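Please examine the sequence and the structure before reading on.

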Amino acid sequence: MSSTKRRSRLHKCIVVDPDECTGCEICESVCSFVHDAEFNPINTRIHRVRIEPVFNIAMACQKCEDAPCIRACPEKALDKDEEGSITVDEDKCNGCGFCIRACDFGVISLHLDNQKALVCDLCENMREEFIDPEVGKPEPQCIEMCPREAIALKTVEQIGEETRIDAVKRLFGEMLSEYET
Amino acid sequence: MSKSKEITVPDKLKGYTQVRLDVDLATGKIEESVIDPEFCRDWIGGYGFGAKVLWDELEPGIDPLSEDNILVWAIGPFPTTILPTSSKYGLFAKSPLTGMFGMSISSGSVGAQARRAGVNMIVFRGKAPEPVYFVVDDDDRYLKPCKETLWGKGCWDTEETLREEFSDQRLAVMAIGPAGERMSRIACITNDRNRQAGRTGMGAVMGSKNLKAIAFRGTKGTKVAKPAEFYKKAKKLLDVATGSATSKYRDLGTPAGLRSYNDLGMMPTYNHREGTWEKIDDNLITGEHLNEEWVVKTVACTDCPIACDHLARVPKTHSDYPNLVSSVDIELCYSFGTACGNDDWPTIFKCIELCDNLGIDGISGGVTAAMACELFEEGLITKKDLGYELPWGSTKNLVRFTREMILGEGFAGEIFGDGTRLAGKRLEKLGRENASFYGMNIKGLEMPAFDLHGMTSFAVGESVSIRGACHLRNGAYSLDRDGKFDRFAYDKPLERGKSIMGKEDGYTIIDCFIICKFTRGIYESDAELAEVYELVTGIPMTEEYLMKRAEAITNLSKCFNIREGWTRNDDHPPEKCFKTAHTKGPAKGVSLDEKGYQKLLTGYYKARGWDEETGIPTDEKLKELGLDFVIGNLKPKGGKK
């Protein structure tokens with residue numbers, strides 16, 4: 001996807017379609033594995049939520065423009081990189097968990113082993129041995145491995161446009177159908 | 001073990017935790033021990049672990065509902081990894097339904113959570129003095145009394161209550177319902193709401209031990225022996241698993257088979273009187289109709305790319321079951337649908353909910369209800385007995401019957417509450433002659449959604465299955481479905497026997513790994529199964545070794561049955577398949593032929609290298625499989641109970 005910045009800003013994040021998500025947790029397992037070489041969904045940066053009986057979705061960092069987690073961190077350990085991802089300075093992070101309390105989406109957690117904040121990095125820091133040689137660079141592995149293609153990386157502009165087009169199709173379906181071939 | 005010497009194993013394995021817990025429910029004592037690497041290599045996991053422990057540690061001839069039975073819970077090396085459908089677990093005990101080798105497999109989140117909690121196998125013994133549940137919370141393992149808090153609750157309520165108590169919506173909970181508590185021989189265990197360890201009455205074994213539930217959660221990660229190679233392989237397998245090899249399970253789900261088996265005359269209707277139904281021809285009871293009108297969502301077990309679980313919802317406006325959501329697969333469309341002559345979908349959904357939540361196996365439950373419908377039509381049970389009518393196609397009364405059967409209430413509960421075999425015996429005791437004729441079971445286990453009239457190969461495959469009538473222990477139905485042999489004939493007994501054996505042992509590997517049968521088509525060969533085993537565990541593995549172990553494990557569980565009193569007569573389809581021919585469809589006028597059937601059965605025994613007359617493994621065969629410890633121990637002790 002294009003990473004054209006608009007007024008030098010880029011706001012793209014992991015988006016999951018609840019209609020497609022089956023709640024299989026593969027995204028969580030993959031996330032932990034490509035970062036740690038160990039399957040442990042507790043150390044994931046994307047989190048499945050199942051609300052019985054039918055609702056399933058996975059949630060990851062929304063890359064908020066004015067991120068409450070950054071503001072909340074008393075150690076100033078959190079920052080934002082050029083791509084808009086939240087970065088964690090592990091030397092500064094002391095595992096206090098204020099970022100978790102500040103996040104409106106519940107998508108930050110602490111790594112079980114080192115108790116440092118865990119937040120979606122779009123796999124920028126995935127381990128080299130798991131990078132597909134044909135791709136040659138890190139790419140979000142949850143998207144790559146989701147069996148339902150329920151996970152996507154989208155900019156906020158793109159999300160808005162897709163929603164608008166869907167709404168128009170719903171509202172003006174009859175008019176549009178006249179031009180269908 | 002002669003064959004084992006070929007493969008040397010590392011001291012510390014990956015994948016397996018090698019942790020065995022022994023839980024003495026009578027004393028509350030919990031012991032931990034290490035499972036030898038050689039044991040892992042030779043018995044693989046799941047079914048293999050269960051078969052070996054039951055052979056070694058279960059006293060033959062015991063009453064399966066007494067404190068003498070033992071309940072084995074086991075996983076293999078794969079849960080928590082992204083090997084497709086890896087989150088499965090198995091339960092093994094002497095079955096209170098068949099009196100033979102009991103086994104049941106389920107999935108959901110249990111396998112993965114238990115793996116993270118660090119256990120590989122748990123063996124429960126004795127009976128708790130009061131109702132308890134068992135918790136494995138990482139290294140905290142304890143029994144907790146629950147007479148006041150959980151006993152009496154449905155499976156769903158039990159799961160929710162425990163998740164709230166732990167403040168953890170991801171807690172994995174296996175629970176029995178009121179049916180398991182009252183030790184119904186068809187009681188199941190439910191986990192993750194819609195997943196059941198249903199068959200052979202494992203819920204009754206939990207109930208007999210006063211064990212209401214088992215809860216798991218853990219924080220331990222899983223490392224694999226060759227991470228980069230495994231990741232590449234898993235990626236490929238996930239890719240294949242989202243393609244055509246599994247589309248049937250993903251798209252329409254297993255109910256797609258309603259139409260295809262109906263077209264072949266293999267879809268049992270009216271309690272196996274017929275193999276076709278006009279309601280299927282008319283697209284009323286089909287996978288297409290179900291999905292178009294009722295299914296609202298498909299969901300997956302942990303680490304499963306297929307998501308076969310089709311959730312159907314009854315609309316808010318329905319007068320009887322508003323907003324009911326239940327999990328539908330073909331077996332339930334058959335058991336409470338086609339077998340009962342019932343074409344009302346909400347009735348099917350309601351019966352499924354009762355089974356899953358109150359805790360009986362939906363196949364056994366529906367097939368028992370179908371028996372009752374036929375007995376009602378035949379006048380062998382009446383409105384005076386039941387308190388209501390129960391003809392083919394009953395709706396509200398079928399739901400009422402199902403509830404009573406599950407809870408053990410009224411005539412329905414007293415007579416039918418333990419499945420078809422006991423129902424037949426109880427009715428015959430009341431003077432209702434020949435009632436057992438209408439119970440569609442093999443070895444006491446109710447039949448799955450295949451009608452055997454025109455399935456001569458599967459007639460053998462389903463009958464020799466060590467846990468009783470079952471398509472998941474022996475996949476020979478595909479031989480008839482795909483036309484590998486003439487499905488109406490009795491020729492080529494040895495060739496057929498070899499094919500039936502191949503299907504059976506192939507399934508044994510799947511049940512040892514444990515992975516889901518729905519992914520059997522994603523592997524290029526058995527060699528690829530051996531390869532993933534090696535990538536995860538670090539144990540060098542070959543296709544030949546793996547298949548030899550499969551044969552040994554099938555043989556060992558067969559030997560368990562022999563020790564419990566099995567004879568050749570137990571490998572036999574119900575009389576109805578021989579005496580009542582279909583009146584329509586592709587198998588019109590067809591019934592099984594006894595002489596022909598026996599010829600094919602002998603062919604299977606021969607292919608197995610067993611005694612052709614008795615069907616008992618020879619000493620040579622046992623030695624060849626490294627089962628020397630069985631020799632001299634095959635005499636039945638105490639007989640069937």
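The questions below take up domains, sheets, helix packing, the chain contact and local backbone features.

Q: On what basis is the model described, and which pLDDT is needed for local features?
A: Residues are numbered from 1 along each chain as its sequence is written, while chains are lettered from A and ligands numbered from 1 in the order in which they are written. The model is predicted, totals for chains, interfaces and linings use all residues, side-chain atom pairs count only at pLDDT 80 or more, and local features need a pLDDT of at least 70.

Q: Into which domains is chain B divided, and what distance separates the centres of domain 1 and domain 2?
A: Domain bounds come from an automatic or database domain assignment. For chain B this assignment gives domain 1 (13–217), domain 2 (250–446) and domain 3 (456–630). Taken over C-alpha atoms, the centres of domain 1 and domain 2 of chain B are separated by 27 Å.

Q: Which element gives the largest share of the side of domain 1 of chain B that touches domain 2 of chain B?
A: Two residues are in contact if their C-beta atoms, placed from the backbone, lie within 7 Å; 35 residues of domain 1 of chain B are in contact with 28 residues of domain 2 of chain B. On the domain 1 side, two or more residues come from each of helix H4 (155–165), helix H5 (178–181) and strand S11 (195–197) of chain B. With three residues, the largest share comes from H5(B).

Q: In the six-stranded open sheet of chain B, which strands stand at the edges?
A: Helices (H or I, at least four residues) and strands (E, at least two) are DSSP runs, numbered from the N terminus, and two strands pair if DSSP finds at least two bridges between them. The order of the sheet in chain B is S8-S7-S12-S9-S10-S11, with mixed pairing. Each edge strand has a single partner strand, so one side of each is left without a neighbour in the sheet; these are strand S8 (140–145) and S11 of chain B.

Q: Which residue is the bridge partner of Val132(B) in S12(B)?
A: Strand S7 (residues 132–137) and strand S12 (residues 211–217) of chain B run parallel and are joined by six bridges. In S12(B), the partner of Val132(B) is Leu211(B).

Q: At about what angle does H13(B) run to S15(B)?
A: Three strands of chain B form an open sheet with antiparallel pairing, in the order S13-S14-S15. Its edge strands are strand S13 (295–299) and strand S15 (325–328) of chain B. Angles run from 0 to 180 degrees between N-to-C directions, and axes are lines fitted to C-alpha atoms, for helices over the stretch in contact. H13(B) lies across S14 and S15 of chain B, and its angle to S15(B) is about 90 degrees.

Q: Are H13(B) and H14(B) parallel, antiparallel, perpendicular or oblique to each other?
A: Helix H13 (residues 345–358) and helix H14 (residues 362–377) of chain B pack with their axes 9 Å apart, at an angle of about 130 degrees. Angles under 35 degrees count as roughly parallel, over 145 as roughly antiparallel, 65 to 115 as roughly perpendicular and the rest as oblique. H13(B) and H14(B) are therefore oblique.

Q: Which element gives the most to the side of chain B that touches chain A?
A: The contact takes 28 residues from chain B and 22 residues from chain A. Helix H7 (227–241) and S13 of chain B each supply at least two residues of the chain B side. With six residues, the most comes from H7(B).

Q: Where is Pro53(A) found?
A: The peptide bond from Glu52(A) to Pro53(A) is cis, with omega near 5 degrees. Pro53(A) is in the loop between strand S2 (47–51) and strand S3 (55–59) of chain A.
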